[in-house]
Amino acid sequence: MRSSTIAGFGLCTAVLLVAYSQGRDRDQGGGARADTSATTAEKPPPFDKGPVKIALVQYSGAGDYFELWTKGAREQADALGFSMQRYDAKADDARQAADLKTAIASGVAGIIVDHGRSPTLCSLINQATDAGIAVVVYDVKVADCAAKAVETAQNDADLATLVLTQMAKDIGDGVPVGYVNPFVIAPLERRDVVWKRFVADHRWDQKFLVGKFSHEVAADNARLAAAALKTHPGVKAVFAPYDEVTKGTVTAIEQNKLGTKVAAYGIDISNADIELMTKKDSPWKATATTDPSAVGAGVTRTLALQLAGQLGSTQVVFPGVLVTQSFLLKEQIKTMDDLRAKLPELNLANVSSAAWIRSTAF
């Protein structure tokens, strides 16, 4: 089962990156400039005959992570010579299905499907690939139902392990904890597997599980987490494995005046997240992350290689790093540009690349 394989890659990430590697418009509030590497080879078909029409079909484009991810995808699409039409379903399954149908009928050469639910998407993805359209999915479980599609994902097992190892170091064993996870999308399900292992290994007493995935995910989860914290005042830490959910959890902790008593741990990062983590008495102690812009660009390059017949794989995995509050404060990091300078491993420009591709760096 390919989706479970992605969850377990862990230590194989470096090997995978070698296998998949061939060879700053401004971030919100940041100062990165678009920078693309020079190409050293002629473009293969279909890129040798002008713009290649593709579609980006998203489950939801809301929130800092998805905005940065989309920005990276757009910049890389421009550098490759893609003409990209974007669809945003705003966390509506039926709308995403309709968007995908529209994209298939529009005569595109390739489609990127960004998040979504397998039961909604698989038959349509098969329809696209059977029609000769290249399909690359990001964080959608399609291994068992749409075998011709290419799966891409963050290494969710490693991301969850990184941040939960830090959480265990900070709070110890046998303490009451909370959990905010709206599930619905594949990465949150993969991170949940790791969470359950850590709860058992460290004898944590999980007092609550709440979560809702919506187009207003931070606000909706703030309300749920605030109510849960009122009911369970002894909780020492909360794991919220997606930055919009982490932000909602932080709001809930602060609303309950628990900022110095309850710690929050998340996944993903952005300029807004850095500001929130580094403000005085912030409960957000650590996050595990990739650079979302770099991942969006990497997924777009993956589609380019698939269209050119040069990918040679059905899976691409993007590794992440741990970022702690103490590291941000010590290094005086205020923006994603600062973070990229201090953590060059966030640069994924060599993943899913080739001599003829201008890889966008951030």
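Before you click anything, one term: a residue is buried when its relative accessible area is under 20%, exposed when over 50%, and partly exposed in between (1.4 Å probe, protein chains only). Helices (H or I, at least four residues) and strands (E, at least two) are DSSP runs, numbered from the N terminus. You have a predicted model open, where local features need pLDDT of at least 70 and side-chain atom pairs count only at pLDDT 80 or more, while totals for chains, interfaces and linings use all residues. Residues are numbered from 1 along each chain as its sequence is written, and side-chain values use heavy atoms, with hydrogens and water left out.

**Stop 1: helix α9**

Select residues 243-255, which make up α9. Its 13 residues reach 18 Å from first C-alpha to last, close to the 18 Å expected at 1.5 Å a residue (the expected span is 1.5 Å times one less than the number of residues). Which residues of α9 are buried? They are D243, E244, V245, T246, K247, G248, T249, V250, A252 and I253. With 10 of 13 residues buried, α9 is largely enclosed by the rest of the structure. Now step along to K257, which follows α9 and has a positive phi, near 55°.

A salt bridge here is a side-chain nitrogen of Lys or Arg within 4 Å of a carboxyl oxygen of Asp or Glu. The structure holds 17 of them.

**Stop 2: strand β6**

Go to residues 150-154, where five of five residues are buried. Both faces are covered, with V150, T152 and Q154 on one side and E151 and A153 on the other. Next, show the neighbours; two strands pair if DSSP finds at least two bridges between them. β5 (residues 134-138) pairs with β6 in the parallel sense over three bridges, and V137 stands opposite E151. β12 (residues 315-318) also pairs with β6 in the parallel sense, over four bridges, and there F318 is the bridge partner of Q154.

**Stop 3: the largest cavity**

Stay on Q154, one of the residues lining the largest cavity; others to pick include Y65, H115, Y138, R191 and D268. A cavity is a set of points on a 1 Å grid over the protein atoms alone where a 1.4 Å probe fits but cannot get out, and lining residues have an atom within 4 Å of a point. The volume is about 70 Å³, counted as the space filled by probe spheres set on the points, which are joined across faces, edges and corners. Which helix gives the largest share of the lining? That is α7, with three residues.

**Stop 4**

Four residues apart in the helix, they are separated by about one helical turn. K196 is exposed at 54%, whereas D192 is buried at 8%.

Then jump to R340 and D337, a salt bridge at 3.0 Å. Both lie in α13, three residues apart, and both are buried.

**Stop 5**

Zoom in on P45 and P46, joined by a cis peptide bond with omega about 5°. P46 sits in the loop between β1 (35-36) and β2 (52-58).

Finish in the loop between β3 (82-88) and α4 (93-105), where you'll find K90. K90 has a positive phi of about 55° although it is not a glycine, and at 43% it is partly exposed. A91 belongs to that loop too, with a positive phi near 65°, but A91 is buried at 18%.

How values were computed. 1 Å grid on protein atoms, 1.4 Å probe; cavity = no way out; pocket = protein on both sides within 12 Å on 5 of 7 lines; lining within 4 Å.
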